[in-house]
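Here is a short briefing for a first look at this structure. Keep the sequence and the 3D view open as you read.

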Amino acid sequence: MPPTLPPKNIVEADFKANPFPFLAQLRASEPVYRTVLPDKTPVWLLTRYDDVTDLLRDARFTKNRRAGLTPDQLRKLHWTPPMFRPLESNMLDQDPPDHTRLRALVHKAFTPGLVEGMRARVQSLADELLDHVAPQGKMDLIRDFALPLPMTIITEILGVPTSDRHKFHRWSQAVVSLTSPKPTLRVIPSVWLFLRYLRRFFETRRRSPQDDLVSALIKAEEAGEKLNEDELLAMVFILLIAGHETTVNLIGNGVLALLENPDQMEELRANPRIIKSAVEELLRYTAPVLMTTERHARENVTIHGLTIPQGEITLGVIGSANRDESVFDKPDELDLTREPNKHLGFGQGIHFCLGAPLARMEAQIAINTLLSRMVDLQLSVASDSLRWRPSLFLRGVEALPIKFRTQAS
Ligand code: HEM
C-alpha cells in the first residue's frame, strides 16, 4: 500500500505541542510509517501498542548500531567525532551480554527498596524549593521546581557536586536537543566540556573515594573486567542525563495536564492517596518520553506488509502506544484513577527504565506537595504560547509560568 500521509517533522516544537491527532491517524492507516529526520536520516515509526511492545522484545533489532550491519552499511555509517566514541558504551546502546553486565553494576542503586530510603530527602527538597517561591505567588514551575528536584537527587546519588548542576543541565540540554542520532557540530563544545568535567571529577574520587555511586563504579573499574574507562564515563553521563531530563517533563507536563483538567486536579487534591495511579496516568497521557531510542534492523523486517530494510532506524512511539484505543478505554481522556493502566511510559523488556522507581517517587512527592501547599494554581500565560523543547525522543515545555496562592494566605 503506498503511503498516504506526507513526511512529518517529528522533532519540531509544533509537533511536540500536540502530536496525538497525527499519531492517531498513523495507528489507523499507516502503523508502519517511514519519515525522515531534519538531517534526512530515514526513520520508521511504529505506533500501535502491540507493535511497540513487540519491537522492544524483538531480537531482529539491535541497540548497538555497529552490530548486525553489512560491511557496506558500516562503511557508510555516519562519521562520529572520536570524542563521542566512549559514549557509545552506555547501556542503552548495548545488547546482551554487555548490556546485562553494565546494567547489573548499577541496578542495586535504583531498586524500589533503596529508592524508598530517599523519600524523606526528596520530600524535604520539594518543601525547600517551594519555600523559596511561596512568598512570590508565582514561579516558573520548570526552572524553580520540576528541574532542580530530580537534578539535585541524581547528583546526590552519583556524588557529583550539586552546586555544578546548572553546568550539567546546560550541557545535557545540548545533547537532548539533538534532533538526530548523528551528532552535530553545535553539540561538540557541550559534550567536550561535560566529558572533561567528569574525567577530572573521577580523578578526585580515585584519590579520595566517598560513599557514592561514582566511587563504587570507580572501584569496579579498578578491579578490572567489570567496567572499562569508557564504560565508566558513558555510565555516569547517561545516568546524569536520563536522571533528570525525563522526570522534569513528567512533573512539568503532569502539572500542565492537571491545569487543563481542573476536575482531575481537584480530585487529586481532595484525595492525595490516589497519587500512585495519578502519576501512572500522567505518564501515559502526557508522554514525557515520546519515543523509544533507536533500534536498528539486523535484517530486513516485514511488519504489516511493509519491509524495514536492514540497518535502518526504527522508533517505537510510546506516546502513541499509550493512546491506542484497542488497549485503553477513552484513551484521550485523563483519568487519574485509571485501572488497569499498562502504559509503556518506561519502555519494556531488557531496557525497561532503570530509574522508574526513582522517577515515580519523585513525581508523586512533587505533585502532591505542590497541590497540598498551593491553591488556585493557574497558568500565567496562554497555553498555546508555551514553547516545547525540540528533541527527538523527549516531550516537555521549556518554561511553565504559573501563579498560585499558598494554603495559609
Ligand atoms: C519520568 C521519568 C522517566 C521516563 C519517562 C523514562 C523513560 C525511559 C524509557 C522509555 C526507557 C527505555 C528507552 C528505550 O528502550 O529505548 C528508559 C531507559 C532508561 N532510563 Fe529512564 N525514564 C525516566 C527516568 C529515569 C531516571 C530518573 C533515571 C535515572 C536513573 C533513568 C535511567 C534510565 C536508564 C539508565 C535507561 C536505560 C536502561 C537500559 O538500557 O537497560 N530514567 N527510560
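Start with arginine 373. Leaving aside its neighbours within four places in sequence, Arg373 is in contact with Asp127, Leu130, Asp131, Ala134, Arg405, Thr406 and Gln407. Bear in mind that this is a predicted model.

**Arginine 373**

- Arginine 373 sits in helix α18, which covers residues 356-373.
- One of its contacts is polar: the side chain of arginine 373 reaches the side chain of aspartate 131 at 2.7 Å.

**The iron atom and its donor**

- Which residue is the only protein donor of the iron atom of the ligand? The donor is Cys353, through its SG atom, at 2.3 Å.
- Cysteine 353 is a loop residue. The loop runs between α17 (318-321) and α18 (356-373).

**The shell around the ligand**

- The ligand is surrounded by 26 residues. His99, Arg103, Thr293, His351 and Cys353 are the closest.
- By type, the shell holds 14 nonpolar, ten polar and two charged residues.
- Histidine 99 has a side-chain N or O atom 2.6 Å from an oxygen atom of the ligand.
- For histidine 351, a side-chain N or O atom is likewise 2.6 Å from an oxygen atom of the ligand.
- Arginine 295 places a polar side-chain atom 2.7 Å from an oxygen atom of the ligand.
- Which elements give two or more residues to this shell? They are α5 (98-107), α13 (229-245) and α14 (247-260).
- The largest share comes from α13, with three residues.

**Packing of α14 against α16**

- Helix α14 also packs with helix α16, residues 275-286. The angle is about 90 degrees, and the axes are 9 Å apart.
- Why is α14 described as roughly perpendicular to α16? Angles of 65 to 115 degrees count as roughly perpendicular, and the angle here is about 90 degrees. That is why α14 is roughly perpendicular to α16.
- On the α14 side, the contact is made by Leu250, Asn253, Gly254 and Ala257. On the α16 side, they meet Val279, Leu282, Leu283, Tyr285 and Thr286.
- The residues of this contact divide into six nonpolar and three polar, with no charged residue.

**To recap**

- Cys353 is the only protein donor of the iron atom, and Cys353 is also listed among the closest residues to the ligand.
- Helix α14 gives two or more residues to the shell around the ligand and packs with α16.
- Helix α18 holds arginine 373, whose side chain makes a polar contact with that of aspartate 131.

Note on methods: Residues are numbered from 1 along each chain as its sequence is written. This is a predicted model: local features need pLDDT of at least 70, side-chain atom pairs count only at pLDDT 80 or more; totals for chains, interfaces and linings use all residues. Side-chain values use heavy atoms; hydrogens and water are left out. Donors are N, O and S atoms within 2.8 Å of the metal (3.2 Å for Na, K and Ca); water is not among the atoms, so sites may look incomplete. Helices (H or I, at least four residues) and strands (E, at least two) are DSSP runs, numbered from the N terminus. A residue is near a molecule or strand if one of its heavy atoms lies within 4 Å of it. A polar contact is a pair of N or O atoms within 3.5 Å; within protein, one must be able to donate a hydrogen and the other to accept it, and residues adjacent in sequence count only if both atoms are side-chain atoms. Ala, Val, Leu, Ile, Met, Phe, Trp, Tyr, Cys and Pro count as nonpolar, Asp, Glu, Lys and Arg as charged, and the others, Gly among them, as polar. Axes are lines fitted to C-alpha atoms, for helices over the stretch in contact, and angles run from 0 to 180 degrees between N-to-C directions. Angles under 35 degrees count as roughly parallel, over 145 as roughly antiparallel, 65 to 115 as roughly perpendicular and the rest as oblique. Contact means heavy atoms within 4.5 Å.
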